[in-house]
Amino acid sequence: MSEPPIINAMSVDVEDYFQVSAFEGHIDRASWDRIPCRVEANTGRILDLLDRHDVRATFFTLGWIAERFPSLVRRIVASGHELASHGYDHTRVTQQSPEQFRADVVRTKSILEDVAGERVRGFRAASFSVTRSTLWALDVLAETGHEYSSSIYPVRHDLYGIPTAPRFPFRVAGNGIVEIPVTTVRRAGRNLPCGGGGYFRLLPYAYSAWGYRSVNRDERRPGVFYCHPWEFDPEQPRVPGIAAKTRVRHYLNLRAMSRRLDRLLGEFRWGRMDAAFLDAPAPHGAYPERVVKANGADWEIAPAGRS
Ligand SMILES: [Zn+2]
């Protein structure tokens with residue numbers, strides 16, 4: 001019997017350029033309503049690109065955006081894409097108590113479902129902020145009706161990541177939620193980030209293509225890619241007074257993004273997160289169980305069946 005084809009998951013984190021974690025210290029959330037938004041036009045560029053390739057994707061959308069741009073949310077859903085949650089206002093889980101996080105995800109799910117008229121199954125934490133100190137978030141997500149999360153980046157990074165976390169989806173024992181990590185490539189004992197975002201923009205295209213080829217062909221696994229609407233907007237206003245490292249990460253190669261994504265969409269097979277994983281036939285829709293438990297101040301992800 002032949003294996004089912006490998007469909008990678010394409011995803012977009014729908015937020016505006018001034019809402020990213022890197023600008024948190026420079027742009028107060030209270031001022032957001034006074035800044036002209038560019039997210040609707042920029043998301044439109046991505047929607048057009050996906051249409052041209054007949055690809056359906058998952059849009060992890062801020063509740064704040066859905067409240068102000070319901071027509072954008074309706075366009076996403078009407079085009080056959082999956083709507084999922086990116087939290088209300090991009091507050092990282094690491095800055096929230098479990099109670100605050102619960103209120104945030106309940107509020108956002110309800111806003112998105114009201115606007116879209118569809119059930120929301122997925123969640124992605126702002127800046128992959130489900131880390132060793134916030135793995136409790138997976139319990140909260142399951143209790144509040146989310147079926148999957150894509151919030152752990154299994155890499156070493158200065159701002160996020162659990163380098164020892166599983167590289168492929170796993171089901172949390174007890175609560176049943178599925179965590180679907182963005183793509184990494186294993187080389188020389190390390191996980192190399194290869195899931196899109198800044199790495200896709202800052203490094204040559206060939207690096208990402210190599211990564212997805214290696215995961216699809218050598219490991220026989222679907223990958224997960226993510227990008228942001230502001231990455232397709234070279235004309236976005238420049239935020240003054242930010243550090244050089246942040247400036248490079250946010251602004252470099254914005255002009256190359258449309259062309260690069262166009263190429264990636266053409267060279268690999270893509271679909272929605274739910275279609276690529278949750279509703280996919282085995283082997284891609286079958287996951288090992290993992291136990292997520294507190295270990296002192298931190299949390300850990302352990303193989304199931306070991307106490
Ligand atoms: Zn984000």
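This is a predicted model: local features need pLDDT of at least 70, side-chain atom pairs count only at pLDDT 80 or more; totals for chains, interfaces and linings use all residues.
**View 1. Aspartate 54, an exposed loop residue with a positive phi.**
Aspartate 54 is found in the loop between helix 1 and strand 2, and because this residue has 9 C-beta neighbours inside 10 Å, it counts as exposed. Its phi is near 55°, a positive value in a residue that is not glycine. For comparison, most residues other than glycine have a negative phi.

**View 2. Phenylalanine 128, a buried loop residue with a positive phi.**
Phenylalanine 128 also is not a glycine, and its phi is positive, at about 45°. The residue sits in the loop that lies between strand 4 (122-123) and helix 5 (137-143). Is phenylalanine 128 buried or exposed? With 26 C-beta neighbours inside 10 Å, phenylalanine 128 counts as buried, whereas aspartate 54 counts as exposed.

**View 3. The whole chain, shown as the setting for the close-ups.**
The chain contains ten helices and 13 strands, and its C-alpha trace spans about 55 × 45 × 40 Å along the principal axes. A compact globule of 307 residues would have a radius of gyration near 19 Å, and the chain, with 18 Å, agrees with this. Buried residues account for 45% of the 307 residues.

**View 4. The largest nonpolar core and valine 130.**
In soluble globular proteins, nonpolar side chains tend to be buried together. The largest nonpolar core in this model has 75 residues, and those with the most contacts inside it are Phe59, Ala66, Val73, Val130, Ala137 and Leu138. Helix 4 (residues 98-116) supplies the largest share of this core, five residues. Once neighbours within four places in sequence are left aside, valine 130 is in contact with several residues, among them Val93, Ala137, Leu138, Ser149 and Ile152.

**View 5. Strand 2 and strand 3, a parallel pair.**
Strand 2 (residues 58-61) pairs with strand 3 in the parallel sense, over four bridges. Within this pair, phenylalanine 59 stands opposite leucine 83 in strand 3. Which residues of strand 3 (residues 82-85) point one way, and which the other? Glu82 and Ala84 point one way, Leu83 and Ser85 point the other way, and all of them are buried.

**View 6. Strand 8 and strand 9, an antiparallel hairpin.**
Strand 8 (residues 184-187) and strand 9 (residues 190-193) run antiparallel and are joined by four bridges. Arginine 187 stands opposite arginine 190 in strand 9. The two strands form a hairpin with two residues between them, and in the turn alanine 188 has a positive phi of about 50°.

**View 7. Helix 9, with buried residues on one face.**
The buried residues of helix 9 (residues 257-267) are Met257, Leu261 and Leu264. Seen down the helix axis, the buried residues of helix 9 fall within an arc of 60°, so they line one face of the helix. In general, an α-helix has 3.6 residues a turn, so residues three or four places apart point the same way. The face of helix 9 that is turned away from the buried side carries the exposed residues Arg259, Gly266 and Glu267. The elements that cover the buried residues of helix 9 include helix 1, helix 6 (197-202), helix 7 (205-218) and strand 10 (224-227).

Apart from neighbours within four places in sequence, proline 222 is in contact with Ile6, Ile7, Asn8, Ala9, Ala276, Phe277 and His284.

**View 8. Glutamine 19, a buried residue in a loop.**
Glutamine 19 lies in the loop between strand 1 (8-14) and helix 1 (39-52), and it is buried, with 25 other C-beta atoms within 10 Å. Not counting residues up to four places away in sequence, glutamine 19 touches Trp32, Leu62 and His90. Threonine 184 is 165 residues away from glutamine 19 in sequence, and the two are 26 Å apart in space, C-alpha to C-alpha.

Definitions and conventions: Residues are numbered from 1 along each chain as its sequence is written. The radius of gyration is taken over C-alpha atoms; the globule rule is 2.2 Å times the number of residues to the power 0.38. A residue is buried if 20 or more other C-beta atoms lie within 10 Å of its own, exposed if 12 or fewer, and partly exposed in between; C-beta atoms are placed from the backbone. Two residues are in contact if their C-beta atoms, placed from the backbone, lie within 7 Å. A nonpolar core is a set of buried Ala, Val, Leu, Ile, Met, Phe, Trp, Tyr and Cys residues joined through C-beta atoms within 7 Å. Two strands pair if DSSP finds at least two bridges between them. The arc is that of the directions from the helix axis to the C-beta atoms.
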